[in-house]
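This briefing is about how the parts of one chain pack against each other. The points after the structure are grouped by topic.

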Amino acid sequence: MRRTGYLHLYGLNLVFDRLGRGPGVLLLAEEARAWPEDLPEGYTFYLLDLPGYGRTGGPRMAPEELAEYVVGFLVMLNLGSPPILVRGVGKAVGEVLRERGYRVFSGEHLEKGLQSAKDVG
């Protein structure tokens, strides 16, 4: 069951869903509903609505600005540096995060992305 959370960050109320139990994985697209309802077991998935998309308000932003919100989200929830699977707008944000040393993988095929994250470790 998806649980909805809210985090006030840099003047915006970020909306996210959390689902499952296990090691944390961030699924990053423009909004949480871009991901399937049935996600694999064995992980805690965090699905963030980026600023300007979905249930999170605010203006549309450049990938560099969106990356700041993602990093702030990870810090505020004390998630460390989980694997980040990306699709849609999340791909451009993922490139910025990868340049900063985060582990970013394609989320186009969820099972393959999760396996890649496991392989890299």
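The model is a predicted one.

Helix 2
- The buried residues of helix 2 (residues 90-99) are Gly90, Val93, Gly94, Val96 and Leu97, and because they span an arc of only 160° around the axis, they lie on the same side of helix 2.
- After helix 2 comes Gly101, which has a positive phi, near 100°.

Nonpolar cores
- The largest nonpolar core has 26 residues, of which Val70, Phe73, Ile84 and Leu97 touch the most other members.
- Two or more residues of this core come from each of strand 1 (3-9), strand 2 (12-20), strand 3, strand 4 (44-49), helix 1, strand 5 and helix 2, with helix 1 giving the most, seven residues.
- Beyond its neighbours within four places in sequence, Ile84 is in contact with Leu26, Leu28, Leu74, Leu97, Tyr102, Arg103, Val104 and Phe105.
- A second, separate core of 15 residues includes Leu19, Val25, Trp35 and Leu47.

Aromatic pairs
- Three aromatic pairs are found in the whole structure, one of them formed by Tyr10 and Tyr69, which is edge-to-face because the ring centres are 5.2 Å apart and the planes are at 85°.
- Tyr10 is exposed at 53% relative accessibility, whereas Tyr69 is buried, at 9% relative accessible area.
- Phe16 and Phe73 also form an edge-to-face pair, 5.1 Å centre to centre with 70° between the planes; since Phe16 lies in strand 2 and Phe73 in helix 1, this pair ties together parts 57 residues apart in sequence.

Note on methods. Residues numbered from 1 in each chain as written. Predicted model: local features only at pLDDT ≥ 70, side-chain atom pairs only at ≥ 80, totals over all residues. Heavy atoms only, no water. Buried < 20%, exposed > 50% of the residue type's maximum accessible area, 1.4 Å probe, protein only. Helix = DSSP H or I, 4+ residues; strand = E, 2+ residues; numbered from the N terminus. Arc of directions from axis to C-beta. Core = buried A, V, L, I, M, F, W, Y, C linked by side-chain atoms within 4.5 Å. Contact = heavy atoms within 4.5 Å. Phe/Tyr/Trp six-rings, centres within 6.5 Å; stacked < 30°, edge-to-face > 60°.
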